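Thanks for making time this morning.

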Amino acid sequence: MTGQGYNAQQRRAVNVIWTTAEKYGFTPRFVAFDADDMPDFYMNCIIGLVYKWYGEAMVQRLFDAWTGDARQSTLDGIAWLALESAAYAKEAPARPTLSELRREAAQAFFDREYQRSRQQWMQQDQLLYTMQSARWRTVLGKESHMLTPKERQFSETLCCGSEWDAVGLEREIRRIMAQYLAFDGHIRRKSSFHIHFSGPLAALLTKLVPMQMIRTDELSVRHSTHTEQGPLTALSRALRATAEDENEKDRQYIETYFGRSMLDDLSLSRMEQSLCTGAHFGCHLWLTAGAAAEHPDNREAEHLARQAAQQFEKNRADYLANGDLYRRAQTRLTEQIRNCLLLHRQVEETPSRRGYLDGSRVWRQPTMGDDRVFLRSSDQPQPEFAVDLLLDGSASRLGFQEVIAAQGYILAQSLGACGIPVRVSSFCSLRGYTVLRLLKDYGEKPDRQNLFRYFAAGWNRDGLALRAVGQLMEQAQVQKHLLILLTDASPNDGRRIQPDGSNPFSRDYGGAAGVTDAAAEVHALRQNGVRVAAVFMGENSGIPAAEKIFGRDFVRIRQMDQLAAAAGKLIEAEIRELSV
Amino acid sequence: MFSLLEEDQISKGLLSDIRAFQENHPVPELLAPRIPVPHYVYYGREVWEDAVSAMLCGENLLLVGSKATGKNVLAENLASIFGRPAWNVSFHVNMDASTLIGMDTFEGGQVTFRPGPIYRCAQYGGFGILDEINMAKNEALAVLHAALDFRRSIDVPGYDRIAVDSATRFIATMNYGYAGTRELNEALTSRFAVIRMPTISPENLEKLLKKEFPALNKKYTDQFSFLFLDLQKKCESAEISERALDLRGLLDALRLMQRGLEANRALDMGITNKVFDTYERGLIRDVIAARIPARLETAALFPSV
């Protein structure tokens, strides 16, 4: 659950854990859900209490002991029965409601029994079920008649009391595992079945079988929908497209996949002439609002466009599933920005013939016949700046597509509600084209249909994207611009930097060269009066690059669901700056 | 008040100095109704000692703290124990100098000066409680500078300059987190002695609950006190907004329970329903459920009622 953040139900469950743990900020290793995928209140309370009484380190050590073992889920389940008993015994005297919650949990366990299908019965771990059943029967004050003497002894041993400290309890659980489950501390993995193909058969299978690819000059589209293994272990499907050198084919490919260009051929070519120079010589630009290509004739790209449409559905579904959470974030952000605008607006009051009475001017009416004894506030000034949110749409964002789309929507909605014009675009590079996808323009209403078109693919040539955005800003009517980038401060493109006067050899667009180029483009934008700030989400090792590109104007986020809030902070700083 | 502070083990020397202050600064009969009679008592020995020492030294106080840390309770308590008339000014974004000092008005066909609360406070040796001072614009507050520093005077443009009475003190409160708040500028902050108000401790919260609800079952006094602290932690971690962190709301809910309302319904009215976001309400209900049994009735809570 790192990086992408929690969805609404996960967050609610984790909140219960944090509440009973009486501390926040740690990522619990376990979160309990019932059969309907709803947070299991009692077990989440217990997880929190285990952290409270025995600490994170003990939980980590205990479960690490068998992580990867073929019987991991059984061992986990049994360990949790012991932990539940111990944590309950420690906490119950100080928390009277816990006994009632425990009885309710026990009752719910048996209520669910009647709802299971035959397949579910067959799939379940019999030993674990027997132990759970025995535990919950005891809680309800019922006898467990069906247990063998050994099972009965096992079940009783699992009822750990409050006498243990963290080390003692860990030792006791490991002793139980050794005695009743013959777990000797050595992890025994399931042997996996491998077949190795080589030669032409391998080439054929490469085309047919889904596989995962990270970066290539060809396109990779991966779906990041959450699965039961967790958000970051999402199943992925990647597709390969064979690279074509011919420009026209590349152009058709880009058009079919990303949509028609917003500019006519002549304007686009002029723009390329003025922008694709220096480090970007030989590159192309593609600016699109996503309108479908007129004559799609590239089956490969068509297929990819279908994949993008599927991602749109996933973005939409994620937003609907976590609507409560996102709406809450949006309300908070709107309040935050509106408050900042309210505080920093400069209200001018002028004498007027209507308005509210100004006591200090009243004397002017009888003595001088001056009717202007009222004060009137000038209309609330509209913010004098526009925000451009530029989202990194390269393959490094594959795992976060739904969250980025939702966060972009939240930000657009909030700024719209505060009367701040906002444009949201994403950028990526592919086959020498730096594609700028306009998801929402200044004048448009924030529309989910548009903003959820976000998907990630290809490389990121930050320098050229910044140049293109800078050019688009010049055409806008607003005087002041704030450009906010979502970035990992790691510009990288397959199209190399061509040799020039200072450098006789071509170089990779990546590493130090990419960073230097992006920093130069940010500097150029600032010279033109555009304020540039970034929301940085990347590794610690990327911080020096972010500092080089953006100076001090960046905010680091650890999870993608903090994007809108971080952008909100940058916008507030801008409002404050403008009011000085 | 004095007996409660003695119970709280406030230094005896400070208490006798307060008595001496009262004797040296008698209050005119006319202003006696302005001396606050506090409903709640602030608990916290160290904060009391800091605040009283500052007041005795002639300092003005700035109480900084998040919601439900007892800023206003302490301010009122201070005015009460020093026996001074209090003027309470709630600051807002459109506050200006004339609202504080006073403005012109018509009286008998003539323009006259109508004093504002700060002027009155300075004139009569009152305690000015400047509530949420950081809601006002810094420009509007500049008028207070001379009253707050060594000059101890207020110069009203077009009228006289008045000296601030020796018994006058200003106690400002502020909370960075509230909507509409800003940072105070250095010039203003430097004119106050600043106390960072700590969040209420479990012991003090328990003391408060016991004083307000002597019949409350001891077992549940603890639980309600822990419930508030759980909400406080959740709020500090920004999982819920400050709306739910409402000590007054908790006390109101307990009053409703005493009247016979089931605990969950009372807590909904006192705390949960103050939040308008449905998701956040769910989080708050979870915190309550982890502390207070679902069907807790008056008989269990108040056995002797």
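This is a predicted model: local features need pLDDT of at least 70, side-chain atom pairs count only at pLDDT 80 or more; totals for chains, interfaces and linings use all residues.

The pairing of S1(A) with S7(A), residues 433–440, is parallel and runs over five bridges, and within it Leu285(A) stands opposite Thr434(A).

Both strands belong to an open sheet of seven strands in chain A, with the order S1-S7-S6-S5-S8-S11-S12 and mixed pairing. Strand S1 (284–288) and strand S12 (554–556) of chain A each have a single partner strand and stand at the edges, so each of them has one side without a neighbour in the sheet. On average, and ignoring direction, neighbouring strands of this sheet are turned by 20° against each other.

Now to the helices that lie across these strands. Helix H10 of chain A, residues 247–258, lies across S1, S6 and S7 of chain A, and runs at about 20° to S7(A).

Finally, the contact between the chains takes 27 residues from chain A and 29 residues from chain B. On the side of chain A that touches chain B, helices H1 (8–21), H2 (41–64), H4 (97–113) and H13 (323–344) of chain A each supply at least two residues, and H13(A) gives the most, with eight residues. Sorted by class, that side of chain A has eleven nonpolar, nine polar and seven charged residues.

Note on methods:
Residues are numbered from 1 along each chain as its sequence is written. Chains are lettered from A and ligands numbered from 1 in the order in which they are written. Two strands pair if DSSP finds at least two bridges between them. Helices (H or I, at least four residues) and strands (E, at least two) are DSSP runs, numbered from the N terminus. Axes are lines fitted to C-alpha atoms, for helices over the stretch in contact, and angles run from 0 to 180 degrees between N-to-C directions. Two residues are in contact if their C-beta atoms, placed from the backbone, lie within 7 Å. Ala, Val, Leu, Ile, Met, Phe, Trp, Tyr, Cys and Pro count as nonpolar, Asp, Glu, Lys and Arg as charged, and the others, Gly among them, as polar.
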